[in-house]
Amino acid sequence: MQATENILEKIEEFIKQVEAFKSTKLDEIEAFRIQFLGKKGHLADLFAQFKNVDASQKKIFGQKVNQLKNSAQDKVNELKLAIENSSSATEYGDLTKSATPFEVGSRHPISLIKNEIIDIFSRIGYSVSEEREIEDDWHNFTALNLPEEHPARDMQDTFFVQTNPDYMLRTHTSSVQVRYMEANKPPIRTISPGRVFRNEAISSRSHCIFHQVEGLYIDKNVSFADLKQTLLHFAKEMFGEETKIRLRPSYFPFTEPSAEMDVYWGLNSEVDYRMTKGTGWLEILGCGMVDPEVLENCGIDPNEYSGFAFGMGIERMALLKYNIPDIRMYFENDVRFLSQFQSAL
Ligand code: PHE
């Protein structure tokens with residue numbers, strides 16, 4: 001009898017303890033749960049003692065133990081819920097916090113201009129062709145009417161492969177056009193963007209690595225007028241509807257006749273004066289009618305077909321479009337420079 005009285009008192013005390021318990025820490029709550037509801041906790045202990053309880057007291061004992069069990073269980077649930085609701089700090093961290101910001105990259109100005117040029121020519125039916133950067137003598141020079149000892153080879157200071165001078169880093173992407181003509185029958189409309197290499201001293205105006213886009217159009221009855229109209233269209237798309245162009249006679253071994261194209265830049269400031277050497281005109285590309293000899297070298301009958309070709313430097317286009325005064329800036333990968341060129345991907 002006495003023993004049972006004591007146990008009932010003990011249970012009352014436990015109930016008070018449970019009611020008084022407070023915590024906002026998950027590990028403390030878990031310790032509390034184990035203490036009362038765990039396999040070796042107070043409740044397990046009390047249930048084990050049930051059989052010893054005096055028969056007349058069994059009912060009240062059962063009720064008290066159940067009350068303790070429920071209040072301990074409710075307490076644990078209530079405290080856990082309070083933690084979930086009060087803060088969002090969970091084991092995964094604070095889920096309501098905004099994500100760590102990260103920088104979205106931007107395209108390199110060379111890629112932007114390249115994509116723009118490709119876009120303009122794609123809209124008038126040109127495909128894009130790309131090829132190797134290490135070329136053989138035939139594709140970089142000989143097929144283009146530049147046989148060995150031809151003085152015009154000096155115009156393109158070449159990096160040769162040391163162990164085999166029949167191979168070199170291509171000096172222009174005209175080599176891509178030779179390969180394209182060898183592999184495809186006319187009509188041909190293709191542009192060849194790519195990296196080219198020349199053994200030149202590095203300065204603000206020239207570099208040993210730069211980028212070109214060259215174009216080739218071959219079909220029946222293609223004339224110089226077609227060339228001029230195509231380039232005028234390109235210049236207007238690139239620099240605006242008001243753009244004026246002019247063609248000056250020039251020389252390339254693979255085209256006859258050959259020309260250089262200028263766009264009118266204006267003469268409004270001292271910088272314009274310097275950039276255009278006082279003429280107001282800026283040279284942007286070389287072009288001409290493909291020499292019949294070159295067509296023949298590439299397996300195309302010059303009596304049936306004619307065509308034009310043109311080539312431009314992407315760095316120079318970017319200079320005009322973005323006003324970048326020093327060609328070396330393209331290669332320095334300075335994020336402050338590069339991040340200025342944002343685009344819609
Ligand atoms: N291949 C010439 C160069 O690299 C450019 C060019 C291409 C000129 C096609 C005329 C025709 O300078």
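Close-up 1. A nitrogen atom of the ligand is 3.1 Å from an N or O atom in the side chain of His 172. The model shown here is predicted. The side chain of Arg 198 also reaches the ligand: one of its N or O atoms is 2.9 Å from a ligand oxygen atom. Glu 214 places a polar side-chain atom 2.8 Å from a nitrogen atom of the ligand. On its own, the ligand has 320 Å² of accessible area, and the protein covers 91% of this.

**Close-up 2. The shell around the ligand.** The ligand has 13 residues around it. His 172, Ser 174, Arg 198, Gln 212 and Glu 214 come nearest. By class, five residues of the shell are nonpolar, six are polar and two are charged. Which element gives the largest share of the shell? Strand β11 does, with three residues.

Close-up 3. Lys 64 pairs with Glu 12 in a salt bridge, and their closest N and O atoms are 2.6 Å apart. Lys 64 sits in helix α4 (residues 58–86), while Glu 12 belongs to helix α1 (residues 2–20). The pair links distant parts of the chain, 52 residues apart. Glu 12 has a relative accessible area of 30%, so this residue is partly exposed.

Close-up 4. Arg 179 and Glu 135 form a salt bridge, with 2.7 Å between the closest N and O atoms. Arg 179 is in helix α7 (residues 174–183). Glu 135 is in strand β4 (residues 134–136). These partners lie 44 residues apart in the chain. Are they buried or exposed? Both Arg 179 and Glu 135 are buried.

Close-up 5. The side chains of Asp 326 and Arg 328 meet in a salt bridge, 2.8 Å from N to O. Asp 326 counts as buried because its relative accessibility is 17%, under the 20% cut-off. Arg 328, at 32%, counts as partly exposed. Elsewhere, salt bridges with shared partners join Arg 246, Arg 248, Glu 260 and Asp 262 into one network. The model's salt bridges number 16.

**Close-up 6. A nonpolar surface patch.** Tyr 264, Leu 267 and Tyr 273 make a nonpolar surface patch of about 290 Å². Tyr 264 is found in strand β9 (residues 255–264).

Technical notes. Residues are numbered from 1 along each chain as its sequence is written. This is a predicted model: local features need pLDDT of at least 70, side-chain atom pairs count only at pLDDT 80 or more; totals for chains, interfaces and linings use all residues. Side-chain values use heavy atoms; hydrogens and water are left out. Patches are made of residues with over 30% relative accessible area and no salt bridge: like charges are joined within 9 Å, nonpolar side chains (Val, Leu, Ile, Met, Phe, Trp, Tyr) within 5 Å. Accessible areas come from the Shrake-Rupley method with a 1.4 Å probe; for residues, only the protein chains shown count as cover. A salt bridge is a side-chain nitrogen of Lys or Arg within 4 Å of a carboxyl oxygen of Asp or Glu. Helices (H or I, at least four residues) and strands (E, at least two) are DSSP runs, numbered from the N terminus. A residue is near a molecule or strand if one of its heavy atoms lies within 4 Å of it. A polar contact is a pair of N or O atoms within 3.5 Å; within protein, one must be able to donate a hydrogen and the other to accept it, and residues adjacent in sequence count only if both atoms are side-chain atoms. Ala, Val, Leu, Ile, Met, Phe, Trp, Tyr, Cys and Pro count as nonpolar, Asp, Glu, Lys and Arg as charged, and the others, Gly among them, as polar. Buried means under 20% relative accessible area, exposed over 50%, partly exposed in between (1.4 Å probe, protein chains only).
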